[in-house]
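Subject: Structure for your review

Dear colleague,

I am handing over the structure below, together with an account of what was found in it. Please read the notes with the model open beside them.

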Amino acid sequence: MGGRQSAAKIKAKFLPRPVYEIAAELERVNLAQLPGTGRIAERLGGVASGTLRVKTEGVGRDELLAKLAGRGEFI
């Protein structure tokens, strides 16, 4: 299978309030071969295409999870 593509974008603003955004665009990417997946790669398989966006804001685990927003689109 040819033509694997991946892209990632991370944006963080710390003032006046911390905001974190992550965006990824995947096209025919082998999920098990993505860098930084660690042990997750053991549970991933196949090829993905799509878009993933995640945004959250705040400080501390509870606040970050409470403000978490996401969007996903895979084909």
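Does Thr51 count as buried or exposed? At 18% relative accessibility, Thr51 counts as buried, where buried means under 20% relative accessible area, exposed means over 50% and partly exposed lies in between, computed with a 1.4 Å probe and protein chains only.

Before the rest, some notes on provenance. This is a predicted model, in which local features need pLDDT of at least 70 and side-chain atom pairs count only at pLDDT 80 or more, while totals for chains, interfaces and linings use all residues. Residues are numbered from 1 along each chain as its sequence is written, and side-chain values use heavy atoms, with hydrogens and water left out.

Overall architecture

Of the 75 residues in the protein, 20% are buried. Among contacts between residues at least 6 apart in sequence, 39% join residues at least 24 apart, a contact being heavy atoms within 4.5 Å. The protein exposes about 5,900 Å², of which carbon and sulfur atoms supply 56%, with accessible areas taken from the Shrake-Rupley method with a 1.4 Å probe and, for residues, only the protein chains shown counting as cover.

Thr51 has its place in strand β3, and its C-alpha atom is separated by 5.1 Å from that of Glu73, 22 residues apart along the chain. Thr56 is also found in strand β3, which covers residues 47-57, and Thr56 is buried, with a relative accessible area of 11%. The side chain of Thr56 reaches the backbone oxygen of Leu64 at 2.4 Å. Leaving aside neighbours within four places in sequence, Thr56 is in contact with Val19, Tyr20, Leu64, Lys67 and Leu68. In strand β2 lies Val29, which counts as buried at 7% relative accessibility; Val29 and Gly50 are 21 residues apart in sequence and 9.7 Å apart in space, C-alpha to C-alpha.

The loop between β1 and β2

Pro16 is found in the loop between β1 (5-13) and β2 (19-30), and a cis peptide bond, with omega about 0°, joins Leu15 and Pro16. As background, most peptide bonds are trans. Phe14 is found in the loop between β1 and β2 as well, and Phe14 is exposed, with a relative accessible area of 52%, whereas Tyr20 counts as partly exposed at 30% relative accessibility.

A search of the whole structure finds one aromatic pair. The rings of Phe14 and Tyr20 have their centres 5.9 Å apart and their planes at 80°, so the pair is edge-to-face; rings of Phe, Tyr and Trp (its six-membered ring) pair if their centres lie within 6.5 Å, with planes under 30 degrees apart counting as stacked, over 60 as edge-to-face and the rest as tilted. Phe14, Leu15 and Tyr20 make a nonpolar surface patch of about 360 Å², where patches consist of residues with over 30% relative accessible area and no salt bridge, like charges being joined within 9 Å and nonpolar side chains (Val, Leu, Ile, Met, Phe, Trp, Tyr) within 5 Å.

Salt bridges

How many salt bridges does the structure hold? The structure holds four, a salt bridge being a side-chain nitrogen of Lys or Arg within 4 Å of a carboxyl oxygen of Asp or Glu. One of them is formed by Arg17 with Glu63, the closest N and O atoms being 1.8 Å apart. This pair links distant parts of the chain, with Arg17 in the loop between β1 and β2 and Glu63 in helix α1 (residues 61-66), 46 residues apart. Arg17 is partly exposed, with a relative accessible area of 35%, and Glu63 counts as partly exposed at 25%.

Arg28 forms a salt bridge with Glu27, with the closest N and O atoms 2.9 Å apart; Arg28 counts as partly exposed at 32% relative accessibility, and Glu27 is partly exposed with a relative accessible area of 31%. The side chains of Asp62 and Arg61 also meet in a salt bridge, at 3.9 Å from N to O, and both Asp62 and Arg61 are exposed.

Technical notes: Helix = DSSP H or I, 4+ residues; strand = E, 2+ residues; numbered from the N terminus. Polar contact = N/O pair within 3.5 Å; in protein donor to acceptor, adjacent residues only side chain to side chain.
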